Amino acid sequence: MPARSGSMVRARIAPFKHPVASLLPATEQLLQQGGDARVVVDPATGFTRYGCTYRPDAELLAFGSSTASIISDTAFAAADALRERLVQALYAGTDPELLYGAELERIRKEFLRMSRLDDLPGLECIFSASGTDLHLLASLWLCSAQQTPSVIIMVDPTETGSGVSTALRGRHFGSCAIFGAPVQPDTALVATAITPAIVHIALRDVSGNLRSLDEIDAEMTEATEQAIRAGCRVLLIPIDVSKTGIMAPSPSGVMALYQHHRDRLDVMVDACQFRLSNATLRFYLEQGYMVALTGSKFLSGPTFSAMLLLPRAAAARLAQHPAPPELAAYSSRVDWPEGWVAARYLNRLHNFGLLLRLEAALEEFRRFCAIPETLVAAFIDRFSAAISTHTERWGEWQWLPPPPLQRTPLLNVDSWDSRQTIFPFLLFHPGDVQKKAPLSREETAQVYRQLRLPQAGGRPAATARCELGQPVPCGFINAIPVSVLRLCLSARLLVEAAQDTDGHGQAVIARAVTVLDKTYQLLLAGGSVTD
């Protein structure tokens with residue numbers, strides 16, 4: 001068994017002789033523990049790699065939830081209250097791991113109740129620090145359970161996460177694991193493991209144009225059937241939705257494959273953006289699919305928190321499979337369902353940082369679930385129309401609307417999650433717009449970075465501090481590599497809009513317009529809004 005990191009050992013054996021408040025770090029510090037290097041605030045900049053902090057910032061115009069979000073006042077208060085309960089329990093002598101397990105179980109039960117999934121028999125849940133960690137766990141655990149070679153079929157990692165493909169190969173995707181152990185990036189976690197073959201399905205062509213769903217489905221079907229004919233077991237990972245709002249392969253295509261090959265095919269829906277309704281989530285689980293979720297994208301909880309939901313059939317089949325002991329660097333026994341064989345090979349550790357981040361995300365979800373879905377859908381429609389109208393005269397601006405979200409095979413209703421909540425766009429240099437000279441990836445990144453900084457000048461948008469989703473590579477235009485920026489609606493923004501019964505969410509739209517205006521002014525000024 002791998003040795004525990006020093007910090008976790010100290011947390012387990014240190015006698016509680018200090019003042020009560022010192023038993024745990026302050027909430028802001030605790031929120032950035034129990035993750036890898038991506039979760040830590042850089043003291044030089046005051047931000048994480050995702051441009052976030054772990055204290056509320058009400059002045060930031062936050063429309064970047066496709067990447068990550070700064071914690072809200074409400075979510076911070078929920079995390080702070082949980083920390084206080086933890087401190088009191090530790091002071092009373094409660095075992096940290098028992099306390100951690102009890103709180104995870106509380107969160108699991110409340111999440112399933114709010115998601116209206118608590119009546120599904122046999123539904124299980126595995127917690128993890130991030131969506132990338134979940135993919136690592138799933139790959140090593142699922143593939144090690146097979147007696148045959150494994151093939152993993154997924155969409156282009158550009159649309160998922162930079163480390164996902166590496167994680168699915170069973171390799172370290174960063175420089176440290178969640179419990180602080182240093183690791184060598186891109187080296188095998190288990191030296192003797194057979195690496196699964198990875199098949200990537202592109203969602204766009206080399207120019208960034210979207211491929212048709214029929215073409216994507218055909219490629220998925222051929223790759224799956226070819227692997228099965230070769231005697232392999234397949235893990236298929238459809239995405240709902242991607243970084244730029246794409247849902248692929250189609251739900252009907254995945255359903256047809258799964259119904260035909262379910263004895264040789266596992267499906268794990270990458271819903272880490274969590275831009276789906278409770279009804280859609282339930283449909284996936286009732287089909288027999290596993291579903292990966294995170295609380296740090298649409299829900300706008302702090303980075304990192306994630307869970308993998310397993311329906312009864314998958315849970316019953318996989319509960320008896322061991323996990324490689326090396327997973328102890330990324331997962332605790334307490335994160336898994338009680339009694340599972342995989343958990344026996346892991347250390348019994350607590351991760352209070354993850355616990356607080358889950359609690360913060362749960363608070364955002366709690367507030368979102370209290371809003372009627374009809375109000376959510378109506379506001380998304382108003383928002384989409386407003387931002388399109390506001391930018392229609394800007395020749396240097398091009399929205400890249402994703403294809404309609406095809407949820408009809410899943411739900412025969414007009415649900416809010418059939419609407420786009422991620423709005424990607426390209427920027428072009430001012431001048432002769434007919435020539436369409438796009439900003440390069442570095443120029444787009446410069447605009448993205450400058451958005452967060454207040455600028456000198458008299459324009460109203462100049463002093464605003466704004467947040468968009470990080471640039472996503474999107475092919476080439478005239479041989480220039482380009483990226484899209486993303487204006488995103490989050491659960492937090494939708495709650496605010498729905499509660500604004502007098503203004504119909506106009507305050508949220510006005511802030512989005514300010515973000516768009518500043519982006520456009522930065523574009524025209526070559527990266528700095530000044531007079």
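Colleague: How are α13 and α16 oriented relative to each other, and how should I read such a pair?

Modeller: Two packed helices are described by the angle between their axes and the distance between the axes. In this predicted model, helix α13 (residues 373-391) and helix α16 (residues 506-524) pack at about 30°, with their axes 10 Å apart. The two are therefore roughly parallel, a label given to angles under 35 degrees, while over 145 is roughly antiparallel, 65 to 115 roughly perpendicular and the rest oblique. Axes here are lines fitted to C-alpha atoms, for helices over the stretch in contact, and angles run from 0 to 180 degrees between N-to-C directions. Helices (H or I, at least four residues) and strands (E, at least two) are DSSP runs, numbered from the N terminus.

Modeller: As for the source, residues are numbered from 1 along each chain as its sequence is written. Local features need pLDDT of at least 70 and side-chain atom pairs count only at pLDDT 80 or more, whereas totals for chains, interfaces and linings use all residues, and side-chain values use heavy atoms, with hydrogens and water left out.

Colleague: Which residues of α13 and α16 make the contact?

Modeller: Contact means heavy atoms within 4.5 Å. On the α13 side these are Phe379, Arg382, Phe383, Ala386, Ile387, His390 and Thr391, and on the α16 side Val508, Ile509, Ala512, Val513, Leu516 and Asp517. An α-helix has 3.6 residues a turn, so residues three or four places apart point the same way.

Colleague: What does Phe383 touch beyond its sequence neighbours?

Modeller: Leaving aside residues up to four places away in sequence, Phe383 touches Phe63, Phe423, Leu487, Leu489, Val508, Ile509 and Ala512. Phe383 is also one of the residues that touch the most other members of the largest nonpolar core, which has 127 residues. Such a core is a set of buried Ala, Val, Leu, Ile, Met, Phe, Trp, Tyr and Cys residues joined through side-chain atoms within 4.5 Å; buried means under 20% relative accessible area, exposed over 50%, and partly exposed in between (1.4 Å probe, protein chains only).

Colleague: How do α12 and α15 pack, and is α15 enclosed or open?

Modeller: Helix α12 (residues 352-369) and helix α15 (residues 491-499) pack at about 35°, with axes 9 Å apart. Glu364, Arg367 and Phe368 of α12 meet Ala491, Arg492, Leu494, Val495 and Gln499 of α15. Because 7 of its 9 residues are buried, α15 is largely enclosed by the rest of the structure; the buried residues are Ala491, Arg492, Leu493, Leu494, Val495, Ala497 and Ala498. Their cover includes β1 (61-63), α12, α13, β14 (480-488) and α16.

Colleague: Where is Phe274 found, and is Phe274 buried or exposed?

Modeller: Phe274 is in the loop between β8 (265-270) and α9 (278-287), with a positive phi near 60°. Phe274 is buried, at 4% relative accessible area, and Ser300 counts as buried at 1% relative accessibility.
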